Amino acid sequence: MPDLIAANVGADKDSEKRQRAAIEGFAKRAGLEIVDWFYDPAVSGADPIEVRPGFSALLDRIEGNGVLTVVVEDASRFARDLVAPELGVLLLIKRNVRVLTANGDDLTDTSDPSRVMMRQIAGSFAQYEKRGL
């Protein structure tokens, strides 16, 4: 069973239970073992990744043990701002880490320019939704 770190970062304090359930369900279906959890309670999804203690702890854990997969409930839980999730995904790609959603979408798949574009469009919609426009 491959090692896995589950990261359910997001601003909704009351959503941690739902996020964990989605991630645990995906990990079980995919045959992945969750070895740690990272969460940024009371941090806005629009906050830059460099001010997120959970994301920093995730990066430290990856550097320390070579974990290759991170799972989030969905892309909007990773961050709800266009720039923050792109920077986070790029940091993880540079470390050869895959970021999967609980639906099985690979946010780090760069083999098809259309997939990258769709990830960025989804980030734009998440930012729009967060601002309630």
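Arginine 115 pairs up with aspartate 109 in a salt bridge, with 3.0 Å between the closest N and O atoms; the term covers a side-chain nitrogen of Lys or Arg within 4 Å of a carboxyl oxygen of Asp or Glu. Arginine 115 comes out as partly exposed at 35% relative accessibility, and aspartate 109 also counts as partly exposed, at 21%. On this scale, buried is under 20% relative accessible area, exposed is over 50%, and partly exposed is in between (1.4 Å probe, protein chains only). The model is a predicted one, where local features need pLDDT of at least 70 and side-chain atom pairs count only at pLDDT 80 or more, while totals for chains, interfaces and linings use all residues. Residues are numbered from 1 along each chain as its sequence is written, and side-chain values use heavy atoms, with hydrogens and water left out.

Searching the whole structure turns up 7 salt bridges. One of them joins the side chains of glutamate 73 and arginine 18, at 2.7 Å from N to O. Glutamate 73 sits in the loop between strand E3 (69-72) and helix H3 (75-78), and arginine 18 belongs to helix H1 (residues 16-30), so this pair ties together parts that lie 55 residues apart in sequence. Helices (H or I, at least four residues) and strands (E, at least two) are DSSP runs, numbered from the N terminus. Glutamate 73 is buried, at 11% relative accessible area, whereas arginine 18 is partly exposed at 43%.

Another salt bridge links arginine 119 to glutamate 86, again with the closest N and O atoms 2.7 Å apart. Here helix H5 (residues 113-130) supplies the arginine and helix H4 (residues 83-94) the glutamate, so parts 33 residues apart in sequence are tied together. Both arginine 119 and glutamate 86 are buried.

Helix H4 also holds leucine 90, which is partly exposed at 40% relative accessibility. Together with Leu82, Val83 and Leu87, Leu90 makes a nonpolar surface patch of about 310 Å². Patches take residues with over 30% relative accessible area and no salt bridge, joining like charges within 9 Å and nonpolar side chains (Val, Leu, Ile, Met, Phe, Trp, Tyr) within 5 Å. The areas come from the Shrake-Rupley method with a 1.4 Å probe, and for residues only the protein chains shown count as cover.

As for proline 53, this residue is in helix H2 (residues 53-65) and is exposed, with 55% relative accessible area. Leaving aside residues up to four places away in sequence, proline 53 touches Asp40 and Val43, a contact being heavy atoms within 4.5 Å.
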